[in-house]
Amino acid sequence: MQTILDYGFVILGWTVTVVRLALRRKGAATNNAWLHAAFFALFVTFQHDAVYLGFDQLTGINNLSWLMSYIFMALCVYYASLAFSVGDRWLQRLGLITAIGLLVVIFPFGPGSTPETLDHVSPGNIGELLFMAVMYMYAGATIWAILTGRCTQALRDDEPTIRLRTTVIVATLVVLECLLAIKFIAYSAGYWSLPDSYVHLITDASRIMSGAAVILWFASFASNKVYVNLRRPIEFIRKALTLRKLISLRKHLESLSPSALMPQRAGLARLDLRIYQETIAILDGTRFLSEQLGHGKPVPVGAERLHTSLRGIPKSLSFDDLVAALCNIEI
Amino acid sequence: MRREQTQRVKALLDELDYDFSNFTLEGFADWLAQRRRRQIVFVPRSMPASVSGAWVKGHDKDYIFYEMDTPIVHQAHIQLHEMAHMLCGHPTVEVGPQQTQALLRHTGRIDSQALEPLLQRSVHSGQAEEEAESLTLFIQEQVFAHKKAEELYKTVPSDIASEFEDYFQKLEG
């Protein structure tokens, strides 16, 4: 199972890279996005057992693939931060150079000095602990900057598909951040001296989180069409609820001031039109109510309060904001 | 609304032969003005509570007065509703140059004794109102079907400033 997943991650990584490169050539994607994908693909490739062992055998240096995969991971995170325009570019570059520099300096005393191993769950010596800590701290800090910067802002974007895609990106980053935090805390707390049951628990949790992060990462690159289709049921429910509120407001208004012109029923399949028609009916109804109140005609209890609420809605609101304001009126 | 009436309005919409795939409210107003060979002037005003919009026939232009103290989407709906009266061929009140200028110059709420009756006279019968509203809804259905709904959320701009310029030029001339 693990082997299938490992191959799957490598294939996914390179698929995204090729697609992003094609989009880049068409001018539909940025350089940062495809470089981020390319370094991620290189990272998972070098983490793959066969490539890991093959490359180390070829170079004759123990665990050099580990260093390579970490450098690719650092570059992957760096280009993600560039894609989200997080902070100062100079600081970002300094962070990357420092992290890679430290990894290269520590390597001979850490993974380079220990026997060739595919198991990176627990550090073999203090050098490996530092080696891993550098990577986790750099990645953790950069991901935190992305999460608290532009990425979170995009969650408030007007376009629902952008919000949904950003949610997936945020979920990816949160899972990664948790994964890094668990490992970092575990190592700092003297991971190698923990009982076996805890080691297994942390190892299993890390594997599940890594898998989830890769799947979410891949999903964040899905085409816009996928997100539009994903949004559909959510949008339908949201619109149906909006329509229900508008209908009850319109009916309440009609009970207070019966209007002559009733909206046509467009059916649930055309929710947008129904929402529009109900909105117009409510605005027409407000005018009827104004006329009644203006002429001092007797009106039912609550009519004046409703009229005040309806007239209090700013005239310059966009249609969506107007509908939201109408839905917020208490009947 | 009676079935024959609905069918008449539907037939009217079919006869329009209008390309809704490029719909804009302003473009629709221009198209209607060309079809009628009469300029349509849109005039935002604070209308009497009993009237949301009114179509008044001037000497060589049509004037559509519409309530400005209501959300923009409603203003646009009123404009379209008044245009629907034109398309339905409903009769309306005709005014001379002096009354036209009085209406245009009156920038406050239209409730003075002289002006309100004029606008009230342009209010159509129940049947005409139903027909116009029905045609408006059919047009809006077409607009939604052609994914141009956002065009119903903005009004035809009012060219009342140039209308005054015209008026003063005529006076000077």
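Predicted model: local features only at pLDDT ≥ 70, side-chain atom pairs only at ≥ 80, totals over all residues.
Local features need pLDDT of at least 70 and side-chain atom pairs count only at pLDDT 80 or more, while totals for chains, interfaces and linings use all residues. Residues are numbered from 1 along each chain as its sequence is written, with chains lettered from A in the order in which they are written.

**View 1. Helix H12 of chain A and its buried side.** Let's begin with H12(A), residues 303-311, where A:Leu306, A:His307 and A:Leu310 are buried (20 or more other C-beta atoms within 10 Å of the residue's own; exposed means 12 or fewer, partly exposed in between, with C-beta atoms placed from the backbone). Helices (H or I, at least four residues) and strands (E, at least two) are DSSP runs, numbered from the N terminus. An α-helix has 3.6 residues a turn, so residues three or four places apart point the same way. On the face turned away from the buried side sit the exposed A:Arg305 and A:Thr308. What do the buried residues of H12(A) pack against? Their neighbours are helix H10 (224-256) and helix H11 (271-294) of chain A.

**View 2. Helices H8 and H10 of chain A.** H8(A), residues 160-188, packs with H10(A) at an angle of about 105°, and their axes are 9 Å apart. Axes are lines fitted to C-alpha atoms, for helices over the stretch in contact, and angles run from 0 to 180 degrees between N-to-C directions. The two helices are therefore roughly perpendicular to each other (65 to 115 degrees; under 35 is roughly parallel, over 145 roughly antiparallel, the rest oblique).

**View 3. The open sheet of chain B.** Here 4 strands follow the order S1-S3-S2-S4, with mixed pairing (two strands pair if DSSP finds at least two bridges between them). S1 (39-45) and S4 (93-94) stand at the edges, each with a single partner strand, so one side of each lacks a neighbour in the sheet. S1(B) runs parallel to S3(B), residues 61-67, joined by 7 bridges; B:Val41 has B:Tyr63 as its bridge partner there.

**View 4. Where chain B touches chain A.** In this view, 18 residues of chain B are in contact with 20 residues of chain A. H6(B) supplies the largest share of chain B's side, 6 residues.

Key:
Contact = placed C-beta atoms within 7 Å.
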